[in-house]
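Welcome, and thanks for taking a look at this one. Please open the viewer and keep the sequence at hand as you read.

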Amino acid sequence: MGLKQKTVSGFIWTGAGMLGNSFVSFLVTMILARILLPYDFALVELLLIFLAISNVIVDSGFSQAIIRDDNPSETDLSSVFYFNIALSFTLYILLFFAAPYISDYFEAPELTLLSRVVFLVIIFNSFSIIQNATLNRNLNFAAVNKSYVIGSFLAGGISIIMAFTGFGIWALVANMVLLPFFRSILLWYHSNWRPKKSFSIKSVKRYFAFGGFLMVQGIIDAISTNLVSLLIGKTYTKNDLGYFSQGKKLDGYIISPFNSIVQKVTYPILSKIKNEGERLKEGYRKIVGVVMFVFIPVMFLTIGASDNMIITLFGEKWAEAGIYLKIAAIGGLLFPLQTVCTNIIMIKGKTKMLLRFAFIKHGLRIVLLLSFLKLGVLALAIVFSLSTIIGSLLYISLGMKYLKYSIIELFKDLYKTIIASLFGLMLVLILNYLLSDQNTILIFALQSIIMVITYLISSILLKNEFFNEAVSMFKPLISKKKM
């Protein structure tokens, strides 16, 4: 199988896996949102920063280092595996004893027991880091994504049963903890790699030389990304945090699958051609073109129909989350571009530069959040998205510099996609105005249909090359011809 066919296969398997995983997660959230209260979701949201930072530390950038390595030895992999496990148990013990202090700080007594259960996620994740990295390195995307989807289905099913039988917030906790547990078991089942009885500190140091900068960057990103939730949870009401997190979470169900697909497929694929300048640039251009062809209209629909989307999916009690979804969607418009450019920077080995940009992006975000803290939750949401856009532009500019790919070339590649999406957005907004007194679910359904039809017709009339590219992606798998 040639590299192009592997790329297509990777996008299809990873796309199916991420969309399947997101669909199950979204379905679980939608059901739980109709049973539980914003306060319940807020409590879980407060713990995410501790999980995010811990998971970054446990991984320590080793996953990306292993995928990038042309020939990792058994000793290398085993050493990293044992290091990850030991680090995860250490962090869990520290957080276990810190749980009462976390609870006191947020004035929520329930958090002591909740956090001690939720933090088991750190241990479960550590057992699958090497399995996940080796499968991705070998471009075995099918096994990885089967594990994710089945794991989400099992965890989500148990969570829904718990919600309907009166377990309350513990249904949310169960979904968070069981997902990495089942996923780890399934990744071990699909992977042939098993740790050997060998450990070398030299192997750990060698990978950490590359991954250490990614770890620091990841910690900074985790802190600044989740800081807004901590500030809202401490300064304002838990219900305010619930609405904010639900709006951001729904936006995450749209953005995260795209980012995961792009990151997981493009990094190992582009790593194979990291020393071929022209081929790397052309590969980047096609990946960005196809991804943004799908991503931009979805985000424009989310921006134009955010209020109707929230009410349709979660119910009237979540109506206040609509504005936060709109703001988050605007802030995430450049995420796929940022992800691919970050991958380019990593495969070029410029992780120090990523760290510098992380300090700039997240330093700006923290300053803005603290400056606007007293102006309300809406102001915090706006400056958070503004800092996200600025940060994305930094990474995109650097990645394109390494590729020798100009902003003019990027505009030429994407302007037809943007124009077609704008046509759809205008009709979505007009429809919302004309039918404002009608049933919300009906309006959202019509908005979605109008966006799809308008976008596809406009793309055909504008002769958008990435429309044909997206359609032709499935042909190599059907024909099964070697590239």
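## Reading the model

Helices here are DSSP runs of H or I with at least four residues, numbered from the N terminus. Do keep in mind that this is a predicted model.

## The chain as a whole

## Around serine 128

Let's zoom in on the loop that runs between helix H6 (120-126) and helix H7 (129-137), where serine 128 lies. Is serine 128 buried or exposed? Its relative accessible area is 6%, and buried means under 20%, so serine 128 is buried.

The side chain of serine 128 reaches the backbone oxygen of asparagine 125 at 3.1 Å. Leaving aside residues up to four places away in sequence, serine 128 touches Ser184 and Leu187.

## A nonpolar patch

Now for the surface. Phe411, Tyr415, Ile419, Phe423, Met426, Leu427, Ile430, Tyr433 and Leu434 make a nonpolar surface patch of about 920 Å².

Phenylalanine 411, one of these patch residues, has its place in helix H18 (residues 407-434). With a relative accessible area of 54%, against a cut-off of over 50%, phenylalanine 411 is therefore exposed.

Key. Residues numbered from 1 in each chain as written. Predicted model: local features only at pLDDT ≥ 70, side-chain atom pairs only at ≥ 80, totals over all residues. Heavy atoms only, no water. Helix = DSSP H or I, 4+ residues; strand = E, 2+ residues; numbered from the N terminus. Buried < 20%, exposed > 50% of the residue type's maximum accessible area, 1.4 Å probe, protein only. Polar contact = N/O pair within 3.5 Å; in protein donor to acceptor, adjacent residues only side chain to side chain. Contact = heavy atoms within 4.5 Å. Patch = residues over 30% accessible without salt bridge, like charges linked within 9 Å, V, L, I, M, F, W, Y side chains within 5 Å. Areas by Shrake-Rupley, 256 points an atom, 1.4 Å probe, with all protein chains shown as cover. Salt bridge = Lys/Arg side-chain N within 4 Å of Asp/Glu carboxyl O.
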